[in-house]
Amino acid sequence: MTQGRIQRFRWAFAFGLFLFCAELGVAWLTGSLALLADSGHLFLDVVALGLAYFGARWALRRPNSRYTYGFRRAEVLAAALNAFLLLLLVGFVVREALERMAAPREIWAGPTLLMGVVGFVGNLLMAALLHRHEKSDLNMRAAFLHVLGDALGSLAVILAGLALVLFGKAWVDAAASFFISGIVLLGALRVLREAGRVLFEAMPEDLSFAEIVEALRSLPGVQGVHDLHVWSLVPGFPVLTAHVVMGNCSLAEADAVLSQARKILSERFGIEHVTLQVECAACEGLACNGRN
């Protein structure tokens, strides 16, 4: 993650902290559950952005003799922790909303509506800061989903506030909190799924195991491919290792095959970090050359 992305985290963190303090105060003043849920979500936004910031800082640390890949996976761990925090929020809000549907409480509609508008605008600003890199960075995506979900939550607060002003129905506030919870739940499950695929070293979704094997087997002189493993260090950073079986070959021929294989894996599949080992069938499976 670049210094520019880290700076965006800082600005988004400042916006989130301000909005959280404002919404929490207004929620306490008005008694709005939807606003309280939204302020709770904003609190998690602040926590998430803080975790994302520190995860990004750790990810910038250089590899060493003990951590040879560096600390880039800290971003994935931070994103997974953010998602778990979101699931805890969903449980709290749903329980409270069920209680309020059974026994509605009086809510001060005007400030609720005004704070919903302020929160919506603020969250759009935060989302704009994070959107540029969210597709290529899981940690940035987790933070972006936090903020986007909260923007939709603020929209639900606005609609609930309008319903309270126009019709005076307190149950609408609890119903809006259910909507907010659904948004949060979907975002959390999506981040957990993507983080889980990285942590369990699954094949990246945009790559095909069969196509990679076929591409390697199509190289001149290649008789087979085995022990093929493809995973992601972090999203957008695929890694591949494989054994390539050839016939009776010289070191120069094996080196040429490896060069062709790396070119195909880079240009066709976007895999830059490749470790291949050539095995000569005539040598009864013993490695005749290995390249990193």
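The largest cavity of this predicted model has a volume of about 40 Å³, and the structure holds one cavity of 30 Å³ or more. On a 1 Å grid over the protein atoms alone, a cavity is a set of points where a 1.4 Å probe fits but cannot get out, whereas a pocket is an open set with protein on both sides within 12 Å along at least five of seven lines, and lining residues have an atom within 4 Å of a point. Grid points are joined across faces, edges and corners, and a volume is the space filled by probe spheres set on the points. Local features need pLDDT of at least 70 and side-chain atom pairs pLDDT 80 or more, while totals for chains, interfaces and linings use all residues. Residues are numbered from 1 along each chain as its sequence is written, and side-chain values use heavy atoms, without hydrogens and water.

The cavity is lined by Ala-37, Leu-89, Val-90, Val-93, Ile-180, Ser-181 and Val-184, with α3 (74-102) and α6 (171-199) each supplying at least two residues of that lining. Helices (H or I, at least four residues) and strands (E, at least two) are DSSP runs numbered from the N terminus.

The largest pocket has a volume of about 340 Å³; of the 16 residues that line the pocket, the closest to its centre are Pro-204, Glu-205, Asp-206, Ser-232 and Pro-235. α6 gives the most to this lining, with three residues.

Ser-232 lies in strand β1 (residues 222-232) and counts as buried at 9% relative accessibility, buried meaning under 20% relative accessible area with a 1.4 Å probe and protein chains only. Not counting residues up to four places away in sequence, Ser-232 touches Arg-73, Val-198, Ala-202, Pro-204, Phe-237 and Pro-238, a contact being heavy atoms within 4.5 Å.

β1 and β2 pair in the antiparallel sense over eight bridges, pairing requiring at least two DSSP bridges, and they form a hairpin with five residues between them, where Gly-236 in the turn has a positive phi of about 85 degrees. Strand β2 (residues 238-246) is largely enclosed by the rest of the structure, because seven of its nine residues are buried. β2 also pairs with strand β3 (residues 273-280), in the parallel sense over eight bridges.

Notes:
Buried < 20%, exposed > 50% of the residue type's maximum accessible area, 1.4 Å probe, protein only.
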